[in-house]
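Visitor: I would like to learn how to read a sheet, a helix pair and a pocket in a model such as this one. Could you take me through them in turn?
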Amino acid sequence: MLEHGGDLRAYARRYGIPLERWLDLSTGINPDGWPVPALDAACWQRLPELEDGLEEAARDYYGVTSLLPAAGSQALIQALPRLWNKRGTVGVLSPAYAEHEQAWRMAGHTVVRVADEELTGALEHLSVLVVVNPNNPTGRVVPRRQLLAWRELLAARGGLLLVDEAFMDVDPAQSLMTHVGRPGLAVLRSLGKFFGLAGARVGFLMAEAAWMEQVQHYLGPWSVPGPSRMVAAGALADRRWIERSRVELKEQGLRLRMLMSQYGLTPDGGTALFQWRRLADSAALRHSLAEHGVLIRAFEDPSSVRFGLPGGEGAWQRLERVLSEIPDGVKRAL
């Protein structure tokens, strides 16, 4: 199992700090997510209904004519490699969300990590290229025109460009949504980050019709629970909340960047939902903050940390106080 953000119970046990006293900045999830209303109790007693408005709301939000819902983009990340039966090497533009690499390896594919500066030479040897855009954890955004050029090269020899747009909702200018349906292109989206609905487990695949049909048969019926479908449909249709949240999250992302910079942690990248900084000893900083009940995400390759957004003014003030108290020994290691 790969390490992920969250898992507060484990950290609460390790540091002896009660669960409710933690400030979790480790996930990149909107701390002020879509306000879920009370649900009709009957939705827990019925099988999911496919004409409940979810697909219509999602098609309208993403601007596509067809898509496939699944139990979060994670279910699709694991399914796609198992259904891709063409020989060749899979490249993952790295660093990136580690589940992509693991899923392709576990399905028996040869996988290579490719840095940005290596891709031009490596592309001709790949049958599949996986790009997380905006990238998690660095925040790097590959321009749409570049992605389309890569897709054309891959599709010409029967290959695939898989783009994970989990963090694209705040500023979708570089999204490939208007190009889905072209050969050799698959795009993933999720309601976990921007909408703050990670627990609902709702994601979508946009690709060629035949490819989506194959994935649908693999996933089987009722891949998304009825209550989650109801919540997702409401969130995707709430345009007022969406537009307001885009503005607010951009402001909060800038605030986080400025706060980190104030205490010697000027980010090397990020999005509206998180900020990323390279460090010589990322584990030391995570440990120092965790001793004060603040959890951040630490990475080994490359050594770096990622801060998510605090939720509420009290959380912002707490983060600033903890950053101001980082021990000198830890600061020297940064």
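This is a predicted model: local features need pLDDT of at least 70, side-chain atom pairs count only at pLDDT 80 or more; totals for chains, interfaces and linings use all residues.

Visitor: In what order do the 4 strands of the open sheet lie, and is the pairing parallel or antiparallel?

Guide: In general, the strands of a sheet pair through backbone hydrogen bonds, either parallel or antiparallel. Here 4 strands form an open sheet in the order 9-10-13-12, with antiparallel pairing, and the edges are strand 9 (269–270) and strand 12 (297–300), each of which pairs on one side only. Strand 9 is joined to strand 10 (residues 274–278) by 2 bridges, and G269 stands opposite W276 in strand 10. Helix 10 (residues 282–290) lies across strand 12 and strand 13 (303–308), running at about 35° to strand 13.

Visitor: How do the axes of helix 2 and helix 8 cross?

Guide: The axes of helix 2 (residues 54–62) and helix 8 (residues 226–237) come within 8 Å and cross at roughly 30°, and the crossing is left-handed. Helix 2 contributes L54, E55, A57, A58, Y61 and Y62 to the contact, while helix 8 contributes R229, A232, A233 and L236; by class, these are 8 nonpolar, no polar and 2 charged residues.

Visitor: Which residues are closest to the centre of the largest pocket?

Guide: The largest pocket holds about 1300 Å³ of space, and of its 50 lining residues the closest to the centre are A96, Y97, A98, R297 and F299. Its lining divides into 19 nonpolar, 15 polar and 16 charged residues. The second largest pocket, with about 310 Å³ of space, is lined by 17 residues, and E55 is among those nearest its centre.

Technical notes
Residues are numbered from 1 along each chain as its sequence is written. Side-chain values use heavy atoms; hydrogens and water are left out. Axes are lines fitted to C-alpha atoms, for helices over the stretch in contact, and angles run from 0 to 180 degrees between N-to-C directions. A crossing is left-handed if the near helix is turned anticlockwise from the far one by less than a right angle, and right-handed if clockwise. Contact means heavy atoms within 4.5 Å. Ala, Val, Leu, Ile, Met, Phe, Trp, Tyr, Cys and Pro count as nonpolar, Asp, Glu, Lys and Arg as charged, and the others, Gly among them, as polar. Two strands pair if DSSP finds at least two bridges between them. On a 1 Å grid over the protein atoms alone, a cavity is a set of points where a 1.4 Å probe fits but cannot get out, and a pocket is an open set with protein on both sides within 12 Å along at least five of seven lines; lining residues have an atom within 4 Å of a point. Grid points are joined across faces, edges and corners, and a volume is the space filled by probe spheres set on the points.
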